[in-house]
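Work through the exercises below with the sequence and the 3D structure in view. Each task is followed by a solution in steps.

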Amino acid sequence: MTQKKILVPVDYSPSSKRALEWALVLAESMGASVHVLHTWEVPPYLRPDLTVWSGEISETLADHTRAEAEKGMRDFLATADVATRANVTSQVVPGAPYATILALVEQEGFDLIAMGTHGRTGVAHLLLGSVAEKVVRHAPCPVLTIRAQ
């Protein structure tokens, strides 16, 4: 079984970086492409059209959040040294993380999802939930979960 398209959802954490490293190694050995995805959900109590000021710049909260997420992606990919690797694309998308991940998998036909997990247990897991767990339960393809050391 060979994977040709690998999706790597990231939250810019150390476990996400490890998942990307594993995905890159797998992709190189199988000739697959890697697509790095960052998704976030705007809290429902914040209006996305709210204007925020940052120094001399005024922009909507939605635009500011997207710009910060895109900067985070550039920084994250720079530290992962993906510039020297072929077939790596990235995307920043607003939305509920697990639902956005699963929708993209269905739309784009990914063969494998490689994602980090924080390894939360007990009350922290109960309160914060687990995007990785939801993806594992509902994904139409294999999911490789990587825990940071």
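**Exercise 1.** List the buried residues of α2 and state how they are placed around its axis.

*Solution.* Step 1: take buried as under 20% relative accessible area, exposed as over 50% and partly exposed as in between (1.4 Å probe, protein chains only). The buried residues of α2 are then L61, A69, G72, M73, F76, L77 and A80. Step 2: these residues cover an arc of only 130 degrees around the axis, so they lie on the same side of α2; the arc is that of the directions from the helix axis to the C-beta atoms. Step 3: recall that an α-helix has 3.6 residues a turn, so residues three or four places apart point the same way. Step 4: turn to the face of α2 directed away from its buried side, where the exposed residues R74 and A78 sit.

The model is predicted: local features need pLDDT of at least 70, side-chain atom pairs count only at pLDDT 80 or more, and totals for chains, interfaces and linings use all residues. Residues are numbered from 1 along each chain as its sequence is written, and side-chain values use heavy atoms, with hydrogens and water left out.

**Exercise 2.** Which residues have the most contacts inside the largest nonpolar core?

*Solution.* Step 1: a nonpolar core is a set of buried Ala, Val, Leu, Ile, Met, Phe, Trp, Tyr and Cys residues joined through side-chain atoms within 4.5 Å. Step 2: the largest one has 22 residues, and I6, V8, L20, V34, V36 and L77 have the most contacts inside it. Step 3: at least two residues of this core come from each of β1 (5–9), α1 (14–30), β2 (33–40), α2 and β6 (112–117).

**Exercise 3.** Is S90 buried, partly exposed or exposed, and which residues does S90 contact?

*Solution.* Step 1: S90 lies in strand β5 (residues 88–94). Step 2: its relative accessibility is 38%, so S90 counts as partly exposed. Step 3: with contact meaning heavy atoms within 4.5 Å, and neighbours within four places in sequence left aside, S90 touches H35, V36, M73 and L77.

Notes
Helix = DSSP H or I, 4+ residues; strand = E, 2+ residues; numbered from the N terminus.
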